[in-house]
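Here is a short briefing on one protein chain. Please keep the sequence and the 3D view open while reading.

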Amino acid sequence: GLTLSEEGTVLMDGCWMYTVTYDGAGGLTLTERRAGTHPVLDFTSCSDSTGKRVVGVAASVFYGHATLAQFTGPDVVALGELAMKSCQALTNVVLSADFSSFALDSLCGCQNLRSVVPSTFLKLTSIPRGVFYQDYKLSGTLCFPEVTSIGQLAFTGANGAPMVSAHSIIAPKVKTIGDEAFYSCYMVTNLVFSDALETVGDNAFCKTERLQHFEPFLPKGLKS
């Protein structure tokens, strides 16, 4: 089972060990991977085992992790910059229903990532640059009901592999879309944004060859 060191700075089980910080309110953030290459990380039982929850993953903690295939963090509300970048074996990520913060490139380059849970991010208000960049096999529907901006390269290449399921992105409050945000999303079929969409960056939707439905068709507030 999961154990926390007496000093409260190291979280471990029989397969891995991570340095953590404590927020004083029952939450732990993973800050450094110290040992372990196990393909499955599951923090579901952390609260029962240690009295504390894993609520965050700091910058670059899993960057380039070669064997991580499944990450289950049902209390994780924030991923730091490059947190899981280039985890080539990663297929499934489970986060908190209250997830509220991606940082730059936090899931970038996870080329076998197929599923992110929750599929509806109720607390998220922005999607920074490169979050899902080159996540070729990402499929299904992702909903972002409170997001107002999507950054440069945010979904570039996501859902770009042939034969993956049809993909939809629903973000009805988005007003700003960055350069190449959806470039080469070959299999995306459905995109929904705000009728008050104001700014669309260069090549934002280039090579979305299977796009069938786009809202709003004529954004009333489009400025550039």
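**Salt bridges**

Asp98 and Lys123 form a salt bridge, with their closest N and O atoms 3.3 Å apart. This pair links distant parts of the chain, 25 residues apart. The model is predicted. The count of salt bridges comes to 3.

- Asp98 sits in the loop between β9 and β10, and Lys123 sits in the loop between β10 and β11.
- Asp98 is partly exposed, because its relative accessibility is 41%, and the buried class stops under 20% while the exposed class starts over 50%.
- Lys123 is also partly exposed, with a relative accessible area of 45%.
- Asp105 forms a salt bridge with Arg129, and here the closest N and O atoms are 2.8 Å apart.
- That pair, too, links distant parts of the chain: Asp105 is in the loop between β9 and β10, Arg129 is in the loop between β11 and β12 (140–143), and 24 residues separate them.
- Is Asp105 buried or exposed? Asp105 counts as buried, because its relative accessibility is 10% and the cut-off for buried is under 20%.
- Glu146 forms a salt bridge with Lys173, with the closest N and O atoms 2.9 Å apart.
- Glu146 lies in the loop between β12 and β13 (149–150), and Lys173 lies in the loop between β14 (167–170) and β15 (176–177), 27 residues apart.
- Glu146 is partly exposed at 33% relative accessible area, and Lys173 is partly exposed at 39%.

**Nonpolar core**

- The largest nonpolar core has 55 residues.
- Which residues have the most contacts inside this core? They are Phe62, Phe71, Phe144 and Phe155.
- The elements that give two or more residues to the core are β3 (17–22), β4 (27–35), β6 (53–57) and β16 (188–192).
- Leaving aside residues up to four places away in sequence, Phe62 touches Phe71 and several others, including Tyr18, Leu30, Leu41, Val57 and Leu68.
- Ala83, Met84, Lys85 and Cys87 are also among the residues that Phe62 touches.

**Backbone points to check**

- Most residues other than glycine have a negative phi, and most peptide bonds are trans.
- The peptide bond from Val117 to Pro118 is cis, with omega near 5 degrees.
- Pro118 is in the loop between β10 (115–117) and β11 (126–127).
- The bond from Glu215 to Pro216 is cis, with omega near -5 degrees.
- Pro216 is in the segment after β18 (213–215).
- Ser86 is not a glycine, yet it has a positive phi of about 60 degrees.
- Ser86 lies in the loop between β8 (78–79) and β9 (92–94), and is partly exposed at 21% relative accessible area.
- Lys207 is not a glycine either, and has a positive phi of about 65 degrees.
- Lys207 lies in the loop between β17 (199–200) and β18, and is partly exposed at 37% relative accessible area.

**Distances across the chain**

- Val200 is in strand β17, and is partly exposed with a relative accessible area of 22%.
- The C-alpha atoms of Val200 and Ile177 are separated by 4.8 Å, with the two residues 23 apart along the chain.
- Val40 is in strand β5 (residues 40–42), and is partly exposed with a relative accessible area of 35%.
- Val40 and Ala171 are 131 residues apart in sequence and 31 Å apart in space, C-alpha to C-alpha.

Methods: Residues are numbered from 1 along each chain as its sequence is written. This is a predicted model: local features need pLDDT of at least 70, side-chain atom pairs count only at pLDDT 80 or more; totals for chains, interfaces and linings use all residues. Side-chain values use heavy atoms; hydrogens and water are left out. Helices (H or I, at least four residues) and strands (E, at least two) are DSSP runs, numbered from the N terminus. Buried means under 20% relative accessible area, exposed over 50%, partly exposed in between (1.4 Å probe, protein chains only). A nonpolar core is a set of buried Ala, Val, Leu, Ile, Met, Phe, Trp, Tyr and Cys residues joined through side-chain atoms within 4.5 Å. Contact means heavy atoms within 4.5 Å. A salt bridge is a side-chain nitrogen of Lys or Arg within 4 Å of a carboxyl oxygen of Asp or Glu.
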